[in-house]
Amino acid sequence: MRQEPASPTRHLRVHRHRGHTVLEFRGEIDIASAAEIVPHLDRETGRPRARVVIDLSGIEFFDCSGLRLLYRARRQALDRGGQVHLVCAHPLTLHMLRITGLARLLPPRPTLQEALGLTRPARRPGH
């Protein structure tokens, strides 16, 4: 069952989907928007055994503040027996995730359906 999204800030929408909390980051994720997102991120990832998906499909800009949000979410969820999945298909953001090593800790999936395990991963050319 999917709930209508709530928008606690203009940079974040939150909804539940198939037992997961989906946090949709939107617009420009920088130091100012990260400060708005942190309390909501902490609430969702701080729950025992939280199942969270962070969806970056709606972002226009993403800097190191966004990377810190992702790392923070992963650490908090894992500390409480939970899990975090990531949706990202934007080439520049994927590049940032790879060069910082965060892609190894939080492997990005191209769609929400794939992150939720509803579809099988797409085969990449040459694989």
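**View 1. Arg49 in the loop between α1 and β4.** At 63% relative accessibility, Arg49 counts as exposed, the term standing for over 50% relative accessible area, with buried meaning under 20% and partly exposed in between (1.4 Å probe, protein chains only). Arg49 has a positive phi of about 55 degrees, although it is not a glycine. Most residues other than glycine have a negative phi. The model is predicted: local features need pLDDT of at least 70 and side-chain atom pairs count only at pLDDT 80 or more, while totals for chains, interfaces and linings use all residues. Residues are numbered from 1 along each chain as its sequence is written, and side-chain values use heavy atoms, with hydrogens and water left out.

**View 2. Arg18 in the loop between β2 and β3.** Arg18, likewise not a glycine, has a positive phi of about 50 degrees. The residue Arg18 is exposed, its relative accessible area being 51%.

**View 3. The open sheet of six strands.** The strand order is β1-β2-β3-β4-β5-β6, with mixed pairing; two strands pair if DSSP finds at least two bridges between them. Helices (H or I, at least four residues) and strands (E, at least two) are DSSP runs, numbered from the N terminus. β1 (6-9) and β6 (108-109) stand at the edges with a single partner strand each, so one side of each is left without a neighbour in the sheet. Strand β4 (residues 51-62) and strand β5 (residues 83-87) pair in the parallel sense over five bridges. Ile54 stands opposite Leu86 in β5.

**View 4. Helices α1 and α2 on the sheet.** α1 lies across β1, β2 (12-17), β3 (20-29) and β4, and runs at about 175 degrees to β3. α2 touches β3, β4 and β5, and its direction makes about 180 degrees with that of β4. Contact means heavy atoms within 4.5 Å. Axes are lines fitted to C-alpha atoms, for helices over the stretch in contact, and angles run from 0 to 180 degrees between N-to-C directions.

**View 5. The packing of α1 against α2.** Helix α1 (residues 31-45) and helix α2 (residues 64-79) pack at an angle of about 10 degrees, their axes 10 Å apart. That makes α1 roughly parallel to α2, a term for angles under 35 degrees. Residues making the contact include Ile31, Ala34, Ile37, Val38 and Leu41 of α1 and Leu69, Arg72, Ala73 and Gln76 of α2. By class, the contact has eight nonpolar, three polar and two charged residues. Ala, Val, Leu, Ile, Met, Phe, Trp, Tyr, Cys and Pro count as nonpolar, Asp, Glu, Lys and Arg as charged, and the others, Gly among them, as polar.

Key:
Angles under 35 degrees count as roughly parallel, over 145 as roughly antiparallel, 65 to 115 as roughly perpendicular and the rest as oblique.
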